[in-house]
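Open the model in your viewer and keep the selection panel at hand.

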Amino acid sequence: MGDDRRASWRYPLGRVSGFGYDSDDEDELGRTIITTRGEVLERSRAVRAHLLLLTGPEAGRVFPIESHEATLGRSAAATVRLEDDSISRVHCRIVRVGDERIVEDMGSANGTYVNDERITRASLKDGDKLRIGETTVVRYALGDRLDERFQQQMYDAALRDALTGAFNKRYFLDCLAKEVRFAARHRTELCLLMFDIDHFKRVNDTHGHLAGDQVLAQLGQLSLALVRAEDVCARYGGEEFAVVARAISLAQGGLFAERLRAQVEAAAFDIGAQTLRLTVSVGVALWQPHMTEPAALVAAADAALYAAKRAGRNQFALSTPL
């Protein structure tokens with residue numbers, strides 16, 4: 001979208017482009033014991049370097065840094081992309097020199113600190129804390145893939161709704177506040193979509209709450225498959241969901257809403273031996289300069305959602321910009 005924000009929060013286990021996270025890489029601190037007959041008796045766990053974000057709404061996020069060099073900064077080209085205005089586009093880099101990892105400041109405006117000491121170049125040890133810019137702190141750690149998977153699961157559990165897989169309301173509100181600040185500062189467009197299932201109470205009353213949960217879980221997966229990697233899809237509450245859509249106009253938000261509505265209408269929701277056909281109503285609002293608080297954008301999208309319901313449901317409505 002032409003800005004310096006991350007494209008996605010996810011870093012799957014296995015190969016990650018730019019990090020060199022591959023089973024063929026040489027293990028750091030790994031060792032193999034071989035007998036005179038050539039038999040492998042023991043291979044220690046493959047120890048890998050990663051950064052753990054300690055501050056901000058994404059605290060707990062894990063960045064593997066298995067390649068020989070990784071850059072940290074706001075730029076889309078940075079290996080570790082961090083959203084903080086006090087961080088330079090390419091703020092610092094971490095390079096592997098022999099068995100060591102070295103962090104080097106790249107002439108950043110606000111400096112790179114290791115354990116609260118400003119550095120130009122320093123060797124990293126397991127557990128060191130790096131402060132990058134004014135507020136962002138990451139911890140350098142060594143661990144195997146099980147450690148990284150555990151950290152990722154902890155991160156997901158803190159940010160994701162367990163039933164639907166969408167982000168939870170807390171993460172949504174933190175993200176929306178950040179996106180509103182970005183839109184205000186850079187005068188970019190920002191859309192918010194709010195949608196929920198039409199007559200969802202009938203599903204619970206007729207088929208039971210377990211069936212209702214199955215429907216919500218399937219709607220969550222369908223929604224996640226439709227949104228772009230840079231968007232945030234969250235369960236706002238009950239059967240209501242929200243999508244923060246970056247850098248799109250109100251008209252484009254309407255096209256997005258219609259695609260979502262049509263996909264849900266065409267979907268078959270399985271609840272055991274039965275299949276349900278359901279619809280959603282969608283409200284779309286565009287951030288406006290007079291909206292000083294994220295709640296104003298939520299209120300506008302919510303009002304558009306209820307306008308779609310009053311008009312007959314199974315449709316979308318656009319908020320009228322003031």
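A contact means heavy atoms within 4.5 Å. Residues 24 or more positions apart supply 59% of the contacts in the protein with a separation of 6 or more.

This is a predicted model, where local features need pLDDT of at least 70, side-chain atom pairs count only at pLDDT 80 or more, and totals for chains, interfaces and linings use all residues. Residues are numbered from 1 along each chain as its sequence is written, and side-chain values use heavy atoms, with hydrogens and water left out.

**Whole protein.** Show the cartoon. There are six helices and 20 strands (DSSP runs numbered from the N terminus: helices are H or I, at least four residues; strands are E, at least two). Switch to the surface. Of the 322 residues, 51% are buried (under 20% relative accessible area, 1.4 Å probe, protein chains only).

**The sheet.** Select β15, β16, β14, β19 and β20. In that order they form an open sheet with mixed pairing (two strands pair if DSSP finds at least two bridges between them). At the edges lie β15 (232-237) and β20 (316-318), each pairing on one side only. From one strand to the next, the twist averages 20 degrees.

**A strand pair.** Select 190-197 and 280-286. These are β14 and β19, antiparallel over seven bridges. Find F195: V282 in β19 stands opposite.

Notes
Buried means under 20% relative accessible area, exposed over 50%, partly exposed in between (1.4 Å probe, protein chains only). Axes are lines fitted to C-alpha atoms, for helices over the stretch in contact, and angles run from 0 to 180 degrees between N-to-C directions.
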